[in-house]
Amino acid sequence: MLISGKLGLRNALENGYALPAFNYTNLEGIKAIIEAAEEMNSPVIIQVTQGAIDYAGFEYLRDLGTGAAARSKVPVVLHLDHGKDYNYLLKAFRYGWTSLMMDASHESFEKNVEIVKEVVKMASPLDVAVEAELGVIGGKEDDLEVDEAIYTEVNEAIEFAKLSNCDSLAIAVGTAHGIYKGEVKINYDRIEEIKKASGIPLVLHGSSGVPDEMVTKAVKSGINKVNFDTELKLANLAALNKFLTENPGVYDVRKIYKPCINAMKEVVKSKIRACGSENKSWI
């Protein structure tokens, strides 16, 4: 069932878990996400980036996303991840997205507030949730690389949430986009401080490669949405390489990609457990 991002976030906030959010770019990816969510009886967010849209096309991803969500036995939010271009946001509104991120974190605090506030004005009458980002999350996301992370300040987060009226806020607390290099360090105290002071649903980006127990601790500290992407891609690649190595003569893509779907499903299930959303479906 396709639901509003506002409803999904509210349920997660009130019941103390995080909505697991997974990026998809094709049929195999979305099948893995939805099938795993149904087997775990978990609400889920399926999301795409502007890069995925450029690759597959907005209409194709819309048909996959809205179709899968409509037939799903669990609540599904359709989210635009790291939206930076108004043209993509406007199409997301038109095509039935129920949640979107307006990422203006590269702008000044004042400009970030101004941009997000305008998007919220457009989204609220449509019951579409708006996620914003404050601080800078390092690593590589959607072919964009950021060298240095800047942690989100508590007072700025409080002020930003109040001025922008965003529905959720992605904060920088030590995670990084892409594949980790070195030890993962998350500032749980910062999460707790921001959550206690703002009361807003908080989002953790760059969670691929973070041990599940650390994700769980972040959720208990106040995170209500967790993004995953890279680990699904790596699971898909490993399964694909293994199958082709062991079955060099097979050309039927249905046989080739079945183990890839199964491998991604296992990743999705582990992240659902880490987010505490198993058996949290209300439909």
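1. A crossing of two helices is called left-handed if the near helix is turned anticlockwise from the far one by less than a right angle, and right-handed if clockwise. By that rule, H8 and H9 cross in the right-handed sense. A quick word on provenance: this is a predicted model, with local features needing pLDDT of at least 70 and side-chain atom pairs counting only at pLDDT 80 or more, while totals for chains, interfaces and linings use all residues. Numbering starts from 1 along each chain as its sequence is written, and side-chain values use heavy atoms, with hydrogens and water left out.

2. On the H8/H9 geometry: the axes of H8 (residues 188–198) and H9 (residues 212–221) come within 8 Å and cross at roughly 25°. Axes here are lines fitted to C-alpha atoms, for helices over the stretch in contact, with angles from 0 to 180 degrees between N-to-C directions. Angles under 35 degrees count as roughly parallel, over 145 as roughly antiparallel, 65 to 115 as roughly perpendicular and the rest as oblique. H8 and H9 are therefore roughly parallel to each other. Helices (H or I, at least four residues) and strands (E, at least two) are DSSP runs, numbered from the N terminus.

3. Who touches whom there? From H8 come Tyr188, Ile191, Glu192 and Lys195, and they meet Met214, Lys217, Ala218 and Ser221 of H9. Those contact residues split into 4 nonpolar, 1 polar and 3 charged. Contact means heavy atoms within 4.5 Å. As for the classes, Ala, Val, Leu, Ile, Met, Phe, Trp, Tyr, Cys and Pro count as nonpolar, Asp, Glu, Lys and Arg as charged, and the others, Gly among them, as polar.

4. H9 also packs on H11: their axes come within 8 Å and cross at roughly 35°. On the H9 side are Asp212, Val215, Thr216 and Val219, which meet Ser270, Lys271, Arg273, Ala274 and Cys275 in H11. By class that makes 4 nonpolar, 2 polar and 3 charged residues.

5. Staying with H11 (residues 253–275), have a look at Lys265. Is Lys265 buried or exposed? Its relative accessibility is 9%, so Lys265 counts as buried (buried means under 20% relative accessible area, exposed over 50%, partly exposed in between, using a 1.4 Å probe and protein chains only). The Lys265 side chain makes polar contacts with the side chains of Glu35, at 3.4 Å, and Glu39, at 2.7 Å. A polar contact is a pair of N or O atoms within 3.5 Å; within protein, one must be able to donate a hydrogen and the other to accept it, and residues adjacent in sequence count only if both atoms are side-chain atoms. Beyond its neighbours within four places in sequence, Lys265 is in contact with Ala32, Glu35, Ala36 and Glu39.

6. Next, H5 (residues 86–95), whose buried residues are Tyr88, Leu89, Ala92, Phe93 and Tyr95. Their cover includes H3 (50–56), H4 (58–71), S3 (76–83), S4 (99–102) and H6 (109–123). At the N-terminal end, Asp85 is the cap, with a side-chain oxygen 2.8 Å from the backbone nitrogen of Asn87. After H5 comes Gly96, with a positive phi near 100°.

7. His82 lies in S3 and, at 7% relative accessibility, counts as buried. Asn279 is in the segment after H11 and, at 52%, counts as exposed.
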